Amino acid sequence: MAILQAHGVALIEDDVYGELYFGGERPMPLKASENRSEILHCSSFSKCLAPGFRVGWVAAGAYAARIQRLQLMSTLSASVPVQLALADYMQQGGYDTHLRRLRRQLEQRQMAMFNAITETFPPSVSVNQPQGGYFLWLDLGEKVDAAKVYQRALAQGVSIAPGTMFAVDDRYRHCIRINTSFEWGPHTARAIQIIANIVADELKH
């Protein structure tokens, strides 16, 4: 924060997965500990309640007025009926119960996919297992081109995210991100096996 302040740069804190933590305690956002006006804390209902609603918020601090002007020029506002529906739902008191159920479900699905990956992928592949959310990050090794893995998997009906999507350079060209939110079953197991076979084949070349 000291470096950002010295250069007059704001920090945008993307906390859309903050409510999807595993374990007993929610990780604290930086905004909660620092509470500086230069921190823009962003979150949303899209990842944990209703993806189609596209309703979120930002605690914008010193940038609040500027953000309001920009939104008025671009989208005016989110759908009013949707916002009213969400407000009514929150007042009913079921949101916390929903989140607890969703966290348990996502944790079980992540563990099932993590176990399948460790059983089917080459042992040289490393898997980063976060304590929340619904993604796994895989490092396939320097020899593997994730873009090629992506293309080959897509040709067989399986979609993954190549690491190059998450950087402006090629530092993650050998990494992929896998979505773990899908219900575990034969279809998902088959998809993991397809990716594992492709990675194993790429490592041979």
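## An aromatic cluster

Phe45 and Tyr95 are both buried, where buried means under 20% relative accessible area, exposed over 50% and partly exposed in between (1.4 Å probe, protein chains only). This is a predicted model, in which local features need pLDDT of at least 70, side-chain atom pairs count only at pLDDT 80 or more, and totals for chains, interfaces and linings use all residues. Residues are numbered from 1 along each chain as its sequence is written, and side-chain values use heavy atoms, with hydrogens and water left out.

The ring centres of Phe45 and Tyr95 are 5.8 Å apart and the planes stand at 70°, so this pair is edge-to-face. Rings of Phe, Tyr and Trp (its six-membered ring) pair if their centres lie within 6.5 Å; planes under 30 degrees apart count as stacked, over 60 as edge-to-face and the rest as tilted. Phe45 belongs to the loop between strand S2 (39-44) and strand S3 (56-59), and Tyr95 to helix H5 (residues 95-120), so the pair ties together parts 50 residues apart in sequence. Helices (H or I, at least four residues) and strands (E, at least two) are DSSP runs, numbered from the N terminus. Phe45 and Tyr95 form one aromatic cluster with Trp57 and Tyr89.

The structure has eight aromatic pairs. One of them joins Tyr17 and Phe135, with ring centres 5.8 Å apart and planes at 85°, so it is edge-to-face. Tyr17 is partly exposed at 29% relative accessible area, whereas Phe135 is buried at 16%.

The charged end of Arg177 sits over the ring of Phe135, 3.6 Å from its centre. For this, NZ of Lys or CZ of Arg must be within 6 Å of the ring centre and within 35 degrees of the ring normal.

## Two domains

The chain is divided into domain 1 (1-92) and domain 2 (103-204), with bounds from an automatic or database domain assignment. Their centres, taken over C-alpha atoms, are 29 Å apart. Six residues from domain 1 and 10 residues from domain 2 take part in the contact, meaning heavy atoms within 4.5 Å.

Together the domains bury about 820 Å², 60% of it on carbon and sulfur atoms. Buried area is the accessible area (1.4 Å probe) that two parts lose on being put together, summed over both. In domain 1, Tyr17, Leu20 and Phe22 lose the most area to domain 2, together 74% of what that side buries.
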